[in-house]
Amino acid sequence: MIDLRSDTVTQPTAAMRDAMANASVGDDVYGEDPTVNLLETTAAEMLGKQAGLFVPSGTQSNLLALLTHCARGDEYIVDQTAHTYRFEGGGAAVLGGIQPQPISPAADGSLPLEEVRANIKPDDFHFAKSKLLCLENTIGGRALTDEYILQARHLCDETGLCLHLDGARFFNAVIATNTNAEESAAPFDSVSICLSKGLGAPVGSVLVGSVDFIKAARRWRKMLGGGMRQAGVIAAGGLFALQHNVERLALDHTHAGQVATTLEQKFGADQIKHATNMVHVGLATSLYTQLREHLQVKGIRAPRPRWVFHLDIDDADTAKVIEAIEQF
Ligand SMILES: *Cc1c(COP(=O)(O)O)cnc(C)c1O
């Protein structure tokens with residue numbers, strides 16, 4: 001099957017499994033796992049930050065960032081469609097007593113900064129304390145512009161907020177905007193990246209930031225049960241992904257673009273939205289159901305109208321998807 005459900009469905013390649021099988025390991029709770037340590041420093045260096053922390057999931061990584069930036073009774077400002085607010089079980093509120101202030105995004109996926117500003121609470125005991133702005137990049141596949149991110153940083157500097165990035169697909173954004181990772185990460189106090197999305201590792205995320213920030217996050221990680229022992233076995237997959245699978249994300253963007261073009265020719269450009277490795281297929285439900293069933297018969301799995309391209313979809317698979325759409 002060609003699986004368009006998500007970029008989380010990738011299988012580790014033989015070379016990645018080799019790297020995992022042969023990884024040097026130690027007890028990471030003692031700080032003695034050389035592969036985990038190398039993954040953390042590699043990610044930190046790539047993003048131009050002082051330190052990194054390997055964690056089991058993107059959800060835990062964002063939670064650690066929120067718990068580290070904010071205390072009980074503090075507030076973070078966030079897109080109401082963002083993963084952190086919407087798809088992480090309300091963890092910051094449940095476990096940290098941190099109040100979210102959700103805001104509706106603009107049509108381009110960015111958070112209107114005047115709305116953000118208007119939602120920063122005055123220093124008054126009636127209000128929660130506004131502490132953090134949390135952005136997501138890419139968001140729904142779309143990359144925020146560098147200019148927008150710098151404006152967000154400026155707003156945070158002016159108002160004393162910290163700035164966290166849920167960069168589950170950070171490298172897709174870097175490639176789409178033709179910048180480098182260090183420059184893209186520079187405006188943020190902390191960044192979480194997923195190794196298990198388009199980068200193709202089986203497990204894990206890395207949180208990066210200052211030495212003090214990561215030290216505090218490491219304490220939270222232990223408390224949440226994220227202190228792992230010979231974790232180098234899985235960290236090796238993530239390290240391999242950072243070393244081999246970043247540049248090739250451009251290919252996923254190309255494949256998504258090719259399929260989007262075919263869909264536009266078939267159904268009209270209004271209904272189809274392509275950004276980085278995702279295509280949003282905005283057809284009426286009954287038409288989409290027919291398309292989905294047609295694709296299923298051809299060995300293409302697309303239950304939802306958001307199609308995601310990844311490591312396990314090559315040129316030949318993309319050609320098959322295009323052919324199947326043309327035959328519909
Ligand atoms: C997948 C994802 C996460 C969380 O990652 P998990 O490893 O699934 O917990 C966070 N943010 C975004 C934008 C994601 O796509």
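Two strands are taken to pair if DSSP finds at least two bridges between them. The legends below apply this to a predicted model.

**Figure 1. Strand 2 against strand 8.** Strand 2 and strand 8 run antiparallel and are joined by five bridges. Gly52 has Val208 in strand 8 as its bridge partner. Val208 also stands opposite Val191, and strand 8 (residues 205-209) pairs with strand 7 in the antiparallel sense over four bridges.

**Figure 2. Strand 7 and its surroundings.** On its other pairing, strand 7 runs parallel to strand 6 (residues 162-167), and four bridges join the two. Asp166 has Ser192 in strand 7 as its bridge partner. In a regular strand, side chains alternate between the two faces of the sheet. In strand 7, Ser190, Ser192 and Cys194 point one way, while Val191 and Ile193 point the other way, and all are buried. Because five of the five residues of strand 7 (residues 190-194) are buried, this strand is largely enclosed by the rest of the structure.

**Figure 3. Strand 10 and its two partners.** Strand 9 and strand 10 pair over four bridges in the antiparallel sense, and Ile272 stands opposite Val281 in strand 10. The two strands form a hairpin with two residues between them, and Thr276 in the turn has a positive phi of about 45°. Strand 10 is also joined to strand 12 by three bridges, and these strands run antiparallel. In that pairing, Met278 stands opposite Val308 in strand 12.

**Figure 4. The largest pocket.** The space in the largest pocket is about 710 Å³. Its lining consists of 35 residues, with Thr81, Phe87, Glu136, Gly140 and Arg306 nearest the centre of the pocket. Two or more lining residues come from each of helix 3 (58-69), helix 4 (83-86), strand 9 (272-275) and strand 10 (278-281). By class, the lining of the largest pocket has nine nonpolar, 15 polar and 11 charged residues. Domain 1 (7-244) and domain 2 (248-327) each give at least three residues to the lining of the largest pocket.

**Figure 5. The second largest pocket.** About 160 Å³ of space lies in this pocket. The residues that line the second largest pocket are Ile120, Lys121, Pro122, Asp123, Asp124, Phe125, Phe127, Ala128, Lys129, Ser130, Thr159 and Leu161. Six residues of this lining are nonpolar, two are polar and four are charged.

**Figure 6. Glu247 in the loop between helix 11 and helix 12.** Glu247 is found between helix 11 (232-244) and helix 12 (249-267). The relative accessibility of Glu247 is 65%, so this residue counts as exposed, the cut-off being over 50%. Glu247 and Asn37 are 210 residues apart in sequence, and their C-alpha atoms are 23 Å apart in space.

Figure 7. Leu283 lies in the loop between strand 10 and helix 13 (285-297). Leu283 has a relative accessible area of 11% and is therefore buried, as buried means under 20%. The C-alpha atoms of Leu283 and Asp270 are separated by 9.7 Å, and the two residues are 13 residues apart along the chain.

Note on methods. Residues numbered from 1 in each chain as written. Predicted model: local features only at pLDDT ≥ 70, side-chain atom pairs only at ≥ 80, totals over all residues. Heavy atoms only, no water. Buried < 20%, exposed > 50% of the residue type's maximum accessible area, 1.4 Å probe, protein only. 1 Å grid on protein atoms, 1.4 Å probe; cavity = no way out; pocket = protein on both sides within 12 Å on 5 of 7 lines; lining within 4 Å. Points joined across faces, edges and corners; volume = space filled by probe spheres on them. Nonpolar A, V, L, I, M, F, W, Y, C, P; charged D, E, K, R; others polar. Domains from an automatic or database assignment.
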